[in-house]
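User: I would like to learn how to read a structure like this one. Can we take it feature by feature?

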Amino acid sequence: MFPANERRRWHGTKRECTFGDPRTTPTASGSCKSPTCGVCIVMQRSFHKEKSAPGSMFGKGVYTSGTSSKSHGYVKQVAPDRYHAMLMCRVLAANAKNLTQADHNLVAAPAGFDSLSAPGGGPSYDELLVCDNNQIRPLYLVVYQST
Ligand SMILES: [Zn+2]
């Protein structure tokens, strides 16, 4: 066990609908029912590392960044919309293993670590990923305009 260390990190994903837009009228549940709308799935049921894209840089995990522009790169707005949406998350990670090269087969943090990180620098941005779904929860849905 490690002492908890709560961090705030961005997570970008696909949004098939316009949930969260200022002009939309919320439905009873507030989100759409599509089984592939990443934003609504997270808002309804939190994160599931099993949903990470095959071939992801560091294997199966929930990927986050402290840099919003990094996470914006993973935002995919499907429904025609002037707005985009990104999640601000609460991440529990006290002892991250720094990774300097890709390992597509990781499914858990190595023994002695509770998370994985890529420190960024140069042209790349920082990443923090957790392999246990209980280490991350969505805090806010941030809706913004992007050019
Ligand atoms: Zn949706």
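**The zinc site**

Analyst: The zinc ion has the protein donors C17 (SG), C32 (SG), C37 (SG) and C40 (SG), lying 2.2 to 2.3 Å from it. Donors are N, O and S atoms within 2.8 Å of the metal (3.2 Å for Na, K and Ca); water is not among the atoms, so sites may look incomplete. This is a predicted model: local features need pLDDT of at least 70, side-chain atom pairs count only at pLDDT 80 or more, and totals for chains, interfaces and linings use all residues. Residues are numbered from 1 along each chain as its sequence is written, and side-chain values use heavy atoms, without hydrogens and water.

User: Why is the arrangement around the zinc ion called tetrahedral?

Analyst: Four donors count as tetrahedral if all angles lie between 85 and 135 degrees. Here the four donor atoms subtend angles of 103 to 116°, so the arrangement is tetrahedral. In sequence, the donor residues follow the spacing C-x14-C-x4-C-x2-C.

User: Which strand order does the open sheet have?

Analyst: Strands (E, at least two residues) are DSSP runs, numbered from the N terminus. Two strands pair if DSSP finds at least two bridges between them. This open sheet has three strands in the order β1-β5-β9, paired antiparallel. β1 (6-11) and β9 (136-145) are the edge strands, each pairing on one side only.

User: How many bridges join β1 to β5?

Analyst: Six bridges join β1 to β5 (residues 83-92), and the two run antiparallel. R8 stands opposite R90 in β5.

Conventions: Helix = DSSP H or I, 4+ residues; strand = E, 2+ residues; numbered from the N terminus. Tetrahedral: all angles 85-135°; square planar, octahedral: opposite > 155°, others 65-115°.
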